[in-house]
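The report below turns to aromatic ring pairs and then to the strands and helices around them.

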Amino acid sequence: MTLRFIGTTSDDGDCPTLYDIEGTDEVLVQGERETDPEHLAQLRDVKESETFVRVPRSLLTRYAPRSDAPELQPFASISHLFSDFKHTAWRLETRRGYASDRNSTKWQRFLAGEDIAQDPDNAWRENVRAQTAKGKRFERVRFVDEPPTQGQEFLLASAPGNVAAGEDIRNLTRAQAQELRLSDYDFWLFDSKILVRFAFDDEDTTLGVYVTEDPAEVLAACQARDAAWHHAVRTEEFARRVRSTV
């Protein structure tokens with residue numbers, strides 16, 4: 001089962017840390033093992049397989065989920081959010097590639113060396129134009145490896161069409177993202193209130209999404225958004241940097 005980084009109060013990147021165990025209602029806690037004999041002697045009903053760790057109260061009050069784990073649902077179930085949101089729709093893309101891209105006709109044109117930056121509007125870009133005309137914002141940050149994967153090169157090549165429609169797309173190297181201890185899972189965040197986390201299989205196919213308004217989870221996503229947005233580079237500039245290293 002996949003572990004999802006929730007948050008940490010450590011400044012050094014070691015511990016303590018909380019992780020969500022995807023597909024379950026359990027949370028994994030990383031911390032210093034409890035070794036005080038007096039404390040261990042007072043613990044009740046301890047199984048041989050159990051261990052105990054210490055974490056600061058602030059970690060739990062800040063990041064521990066306060067509601068039941070959401071159920072996996074089809075991506076189509078959230079389609080209304082892309083027009084119903086009031087202010088911002090913000091996306092974090094962390095994967096090295098997406099099956100939906102590789103299965104598109106645009107992918108074959110990309111492999112053939114065609115310019116895929118200025119395709120005619122599709123339903124997605126038409127909606128972006130309609131929503132941004134109302135003053136709403138579509139924003140996203142994409143992690144990029146060094147050197148970029150083929151899937152990331154595809155996204156860099158196709159991004160200008162979405163930017164022209166009104167999206168603000170920025171890029172961040174994976175090394176920077178790791179230094180910032182950013183979330184390593186894909187999500188949409190609507191109006192800093194509704195968090196939509198993606199679930200993928202090993203072939204980068206979207207299995208569905210988890211939708212939550214849990215305050216702790218939304219807070220963690222907002223913090224990841226703010227850090228990523230501060231350090232990310234606009235697509236046009238980032239693409240120039242990539243081309244200069246090829």
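## Aromatic pairs

In this predicted model, the count of aromatic pairs comes to 20. One of them joins Phe110 and Phe154, whose ring centres are 5.5 Å apart and whose planes stand at 80 degrees, so the pair is edge-to-face, the angle being over 60. This pair links distant parts of the chain, since Phe110 belongs to helix 5 (residues 105-111) and Phe154 to helix 7 (residues 150-165), 44 residues apart. Both Phe110 and Phe154 are buried.

Tyr185 and Phe187 form a tilted pair, with 5.6 Å from centre to centre and 45 degrees between the planes. Tyr185 is buried at a relative accessible area of 8%, and Phe187 is buried at 0%. Elsewhere, ring pairs link Phe75, Phe82, Phe85, Tyr98, Trp124, Phe138, Trp188, Phe190, Phe198 and Phe200 into a cluster.

## Charges over rings

The charged end of Arg4 sits over the ring of Tyr185, 4.8 Å from its centre, while Lys136 lies over the face of Phe85 at 4.9 Å from the ring centre.

Eight strands form an open sheet of mixed pairing, in the order 6-12-11-10-7-8-9-13; its edges are strand 6 (72-73) and strand 13 (233-234), each of which pairs on one side only. Within this sheet, strand 11 (residues 194-200) and strand 12 (residues 206-212) pair in the antiparallel sense over six bridges, and Leu195 stands opposite Thr212 of strand 12.

Helix 9 (residues 215-231) lies across several strands, including strand 7 (88-93), strand 8 (137-144) and strand 10 (187-190), and runs at about 100 degrees to strand 10.

Notes:
Residues numbered from 1 in each chain as written. Predicted model: local features only at pLDDT ≥ 70, side-chain atom pairs only at ≥ 80, totals over all residues. Heavy atoms only, no water. Pairing = 2+ DSSP bridges. Helix = DSSP H or I, 4+ residues; strand = E, 2+ residues; numbered from the N terminus. Contact = heavy atoms within 4.5 Å. Axes fitted to C-alpha atoms, helices over the stretch in contact; angles between N-to-C directions. Phe/Tyr/Trp six-rings, centres within 6.5 Å; stacked < 30°, edge-to-face > 60°. Buried < 20%, exposed > 50% of the residue type's maximum accessible area, 1.4 Å probe, protein only. Lys NZ or Arg CZ within 6 Å of the ring centre and 35° of its normal.
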